[in-house]
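User: Could we go through the aromatic side chains of this protein together?

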Amino acid sequence: MRPDALLYPAPEGLYCPEGGFYVDPVRPVERALITHGHFDHARPGHANVLATRQTLDIMQIRYGDGFCASQQAAAFGEEVLINGVKVSFHPAGHVLGSAQIAIEKNGTRIVVSGDYKRRADPTCAAYVPVPCDVFITEATFGLPVFHHPDPVDEMGKLYASLRQFPERTHLIGAYALGKAQRVIRLLRDTGYDQPIYIHGAMERLCDYYMEQGIELGELCPATIESRDKSAFKGAIVVGPSSAFADRWARRFNEPLPAFASGWMMVRQRAKQQGVELPLVISDHCDWPELTETISDLRPEEVWVTHGREEALVRWCQLQGIKARPLHLVGYEDEAD
Ligand SMILES: [Zn+2]
């Protein structure tokens, strides 16, 4: 079967006409397969949703009980037949519950990787390579300049800052799903045993991670009402970076804004956002991981969904692999 007859980009998202479903649709549809819980991939309002149990739970936490009319959980590796199309979910290593989705019919297999990374991350199941004819990848950091450092070294920068400014409250900006829990876990794995204060927007997701067996240590609400400002001297507070611009952040003791993001590679971005301590910690592949993944899989074709498509497409072509950009719209690349 021709791959572009099995799956193609429609305005709602990637569409499989034989199966009658979309993958990560950006508009409400009858049947949606969802790779992971980030807002740009998992939207509310679909009639039927097929996703991993954890992604369904995360959608329920974020959108409430009525986020879809009916839901079905897919276990990793389990084959589900939808109108004669074989579908299976495989770990993507991006955030808790994140999956790549393999779609197969008449001997043609397409893998939609969603967002993924290859680095070790104890807060979610590790990426597994899934052999395929067509590999669909994002290219958020799809330029050779993007090399993400070892996150443990980035933690070292944070500890150095805490030693240098022991009075200041270190505010770490982190995306509420995935990055926040990964940063907290990195702190624990590098020996930080003090309570970590978290913004209210992260409480339910942190609780959910812990329910799922991801140890995060002692977390306390970062509410100042009940406490003296001095209680936060030298403390670590994790919150969405959007909260750091408002009054919430100014109440801490000489707050020192840090931000955990792959984008912190770009000095200019850190500066523009007023970040004093950039921490380059990404839940996406950097350039070496993207190219290594494609080299490992050796698919016949690579389709690039969003990000910096052109460089990766060109790289594939130089390796003798057919490649094309899909120009999908509606997927953020800021939220890393
Ligand atoms: Zn994502």
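Analyst: The answers below concern aromatic pairs and charges over rings in this predicted model.

User: How many aromatic pairs are there?

Analyst: The count comes to 11 aromatic pairs. One of them joins Phe141 and Phe146, whose ring centres are 5.0 Å apart.

User: Is that pair stacked or edge-to-face, and why?

Analyst: The pair of Phe141 and Phe146 is edge-to-face, because the ring planes stand at 70° and planes over 60 degrees apart fall in that class.

User: What about Tyr159 and Tyr192?

Analyst: Tyr159 and Tyr192 form a stacked aromatic pair, with 25° between the planes and 6.4 Å from centre to centre.

User: Where do they sit in the chain?

Analyst: Tyr159 belongs to helix 3 (residues 151-164), whereas Tyr192 lies in the loop between helix 4 (179-189) and strand 13 (196-198). The two are 33 residues apart, and the pair thus links distant parts of the chain. Both Tyr159 and Tyr192 are buried.

User: Which residues form an aromatic cluster?

Analyst: Tyr8, Tyr15 and Tyr22 form one aromatic cluster.

User: Changing topic: which residue lies over the face of Trp263?

Analyst: Arg269 does, at 3.9 Å from the ring centre of Trp263.

User: And over the face of Trp303?

Analyst: There, Arg324 lies over the face, and its distance from the ring centre of Trp303 is 4.5 Å.

Definitions and conventions:
Residues are numbered from 1 along each chain as its sequence is written. This is a predicted model: local features need pLDDT of at least 70, side-chain atom pairs count only at pLDDT 80 or more; totals for chains, interfaces and linings use all residues. Side-chain values use heavy atoms; hydrogens and water are left out. Rings of Phe, Tyr and Trp (its six-membered ring) pair if their centres lie within 6.5 Å; planes under 30 degrees apart count as stacked, over 60 as edge-to-face and the rest as tilted. Helices (H or I, at least four residues) and strands (E, at least two) are DSSP runs, numbered from the N terminus. Buried means under 20% relative accessible area, exposed over 50%, partly exposed in between (1.4 Å probe, protein chains only). A charge sits over a ring if NZ of Lys or CZ of Arg is within 6 Å of the ring centre and within 35 degrees of the ring normal.
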